[in-house]
Amino acid sequence: MSREDRIAALHQAARERILVLDGSWGVMIQRRGLDEADFRGDRFADHTGQMKGNNDILCLTRPDIIADLHDQYFAAGADISETNTFSATTIAQEDYALDAQAVWDINLEGARLARAAADRWTEREPTRPRFAAGSIGPLNKMLSMSSDVNDPGARSVTFDQVYEAYRHQIAALHQGGVDLFLIETITDTLNCKAAIKAIKDLEDEGHAPLPIWISGTITDRSGRTLSGQTAEAFWNSVRHARPFAVGFNCALGADLMRPFIADLARVADTLVAAYPNAGLPNAMGQYDEEPHETAHHLEEWAKSGLVNIVGGCCGTTPDHIRHVAEEVAGVVPREIPERPIALRLSGLEPFEAAA
């Protein structure tokens with residue numbers, strides 16, 4: 001199946017049913033009990049500093065584990081599986097002293113592993129194609145917030161640097177064969193805009209256009225992203241990209257995330273996606289919400305007409321995704337609203353000009 005055919009199949013599937021994304025990668029990798037040697041492999045055996053904890057490097061050093069996790073999530077009922085490239089930018093990988101070539105290779109191989117898994121499952125079940133999403137995660141440096149409490153204007157990174165880091169990652173993911181881009185766990189909307197610009201610029205330079213899924217993060221019960229925006233303000237800030245889907249993930253469990261998903265469902269004239277954590281972490285940093293509990297919440301969202309795509313973030317496992325897939329099967333996806341044309345702007349709050 002060509003990439004164009006896969007994208008057409010993705011849009012068709014989204015019209016027919018609620019799509020299911022995979023779950024947490026971090027929790028599943030942690031369960032493997034990997035040691036430093038697993039993360040280093042042969043290529044990085046003599047690399048300076050610790051590599052353990054750099055989950056993205058496993059695309060190069062333990063591709064068998066990454067391929068197996070894709071298979072586990074597809075077997076559980078996921079329609080879409082993400083590349084294992086959440087932190088695979090030159091900026092984020094500075095923590096591990098990796099150069100640009102290594103970062104490129106992580107993204108390229110991560111995309112190829114996801115592509116191969118999606119193709120395997122599509123071949124097994126031709127009536128239910130599977131898709132590979134290129135994971136573009138947040139950075140450890142923000143454009144909207146000061147890096148120095150004593151200097152509000154201080155920044156540890158420039159827009160051009162963030163743009164170049166994302167452009168590098170996006171180009172490799174595209175070459176590796178992903179079906180769509182997932183800009184996820186967005187804490188800083190300006191960082192997200194740099195990623196969007198990188199995608200659009202590469203399209204202008206000849207890259208085949210791919211659907212864009214944008215997923216922000218509401219950090220607490222205040223209902224705002226870390227850079228201060230409400231759900232509707234966040235949508236107004238990114239709607240110019242005409243995304244395939246918009247939504248929220250991480251930070252909150254489904255019970256606390258629901259009102260913010262409802263806000264998006266009301267205003268977004270595109271698909272709405274949500275993949276919450278398995279509740280909030282306990283005192284030991286572990287997630288206790290059982291698969292059937294997560295699935296119960298997402299089933300209610302689906303039946304209330306709030307979502308088009310669901311999945312899981314921190315603490316969720318293939319078992320969580322299996323329960324979610326079972327509960328939303330057969331539920332009619334959210335109907336995309338037709339909103340009147342208006343001037344809609346945003347700062348921290350949304351603004352809509354009166355007609």
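**Cavities**

I looked at the lining of the largest cavity by class: seven nonpolar, four polar and two charged residues. (Ala, Val, Leu, Ile, Met, Phe, Trp, Tyr, Cys and Pro count as nonpolar, Asp, Glu, Lys and Arg as charged, and the others, Gly among them, as polar.) Before going on, I note that this is a predicted model, with local features needing pLDDT of at least 70, side-chain atom pairs counting only at pLDDT 80 or more, and totals for chains, interfaces and linings using all residues. Residues are numbered from 1 along each chain as its sequence is written, and side-chain values use heavy atoms, with hydrogens and water left out.

The largest cavity has a volume of about 70 Å³. I find Pro138, Tyr166, Ile186, Asp188 and Asn191 closest to its centre, out of 13 lining residues. β4 gives the most to this lining, with four residues.

My terms: on a 1 Å grid over the protein atoms alone, a cavity is a set of points where a 1.4 Å probe fits but cannot get out; a pocket is an open set with protein on both sides within 12 Å along at least five of seven lines; lining residues have an atom within 4 Å of a point. Grid points are joined across faces, edges and corners, and a volume is the space filled by probe spheres set on the points. Helices (H or I, at least four residues) and strands (E, at least two) are DSSP runs, numbered from the N terminus.

The second largest cavity comes to about 30 Å³. I see α8 giving the largest share of its lining, three residues.

**Pockets**

I get about 760 Å³ for the largest pocket. It has 41 lining residues, with Ser24, Trp25, Gly26, Val27 and Cys314 nearest its centre. α2 gives the most here, four residues.

The second largest pocket has about 200 Å³. Its 15 lining residues include Arg17, Arg128, Ala325, Ala329 and Gly330, the closest to its centre. Helix α12 (residues 318–328) gives the most, four residues.
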